[in-house]
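Let's take a friendly walk through this model. The sequence and structure come first, and the notes follow.

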Amino acid sequence: MGMTETLELVGNSRDLYTDSAGVGHLLESTTMDASIDFFGGRELTALHTTPELESLQQLVGSVAASGFRAKIKALVPQLHHGRDPLFVLLDDIPVATLISGHAVGTSGISGIGKSGYVPVADQCAEFVSGDLLMNSFDQQGSSVTPRLPPESFPGRNARAQSRVPVASRA
């Protein structure tokens with residue numbers, strides 16, 4: 001998949017209980033696959049979840065931005081009240097889309113950096129007014145991109161291979 005194709009967001013979430021003996025017990029496991037037409041207005045074009053909830057299909061066609069959480073709460077309020085693992089995944093769709101926009105905007109691939117992506121200050125912790133990322137956009141029209149050699153990250157590959165994407169609640 002290239003930078004100009006559909007943005008695919010894939011998530012796994014689980015709820016674990018650790019008993020007094022320190023043994024973990026899986027209470028619930030969920031998955032989510034979401035497709036975003038990033039250059040077509042950041043519209044959610046497909047959504048598949050486990051468990052499958054038909055009402056969530058009403059999110060398809062929505063913009064993955066401000067107001068998305070309110071739509072989730074209206075469609076499946078039971079997920080929000082208990083901070084269900086599936087809600088955690090769905091709630092991350094606008095944030096993951098926003099962060100992906102940063103990657104697109106700084107990709108350096110011809111034409112993509114001109115997608116119109118400009119970070120909005122104070123929307124999340126990484127884009128605080130007066131901080132490094134926002135200052136770099138203000139001063140040079142793009143973000144700083146650290147360029148460090150792979151040897152600067154000892155054990156990086158071993159950690160990346162053993163990492164399992166997870167969201168848990170207490």
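## A buried helix residue

Thr97 sits in helix H4, which spans residues 93-105. Helices (H or I, at least four residues) and strands (E, at least two) are DSSP runs, numbered from the N terminus. This is a predicted model, where local features need pLDDT of at least 70, side-chain atom pairs count only at pLDDT 80 or more, and totals for chains, interfaces and linings use all residues. Residues are numbered from 1 along each chain as its sequence is written, and side-chain values use heavy atoms, with hydrogens and water left out.

Thr97 counts as buried because its relative accessibility is 1%. Buried means under 20% relative accessible area, exposed over 50%, and partly exposed in between (1.4 Å probe, protein chains only). Beyond neighbours within four places in sequence, Thr97 is in contact (heavy atoms within 4.5 Å) with Leu7, Leu9, Ile36, Phe38, Arg42 and Ala64.

## The sheet

Three strands form an open sheet in the order E1-E2-E3, with antiparallel pairing. Its edge strands are E1 (7-18) and E3, each pairing on one side only. Two strands pair if DSSP finds at least two bridges between them; E2 and E3 have seven, in the antiparallel sense. Ile36, one of the contacts of Thr97, stands opposite Leu44 in E3.

## Two backbone details

Arg42, also in contact with Thr97, belongs to the loop between strand E2 (24-37) and E3. Arg42 is not a glycine, yet has a positive phi of about 60°. With 29% relative accessibility, Arg42 counts as partly exposed.

The peptide bond from Thr50 to Pro51 is cis, with omega near 5°. Pro51 lies in the loop between strand E3 (43-50) and helix H1 (68-75).
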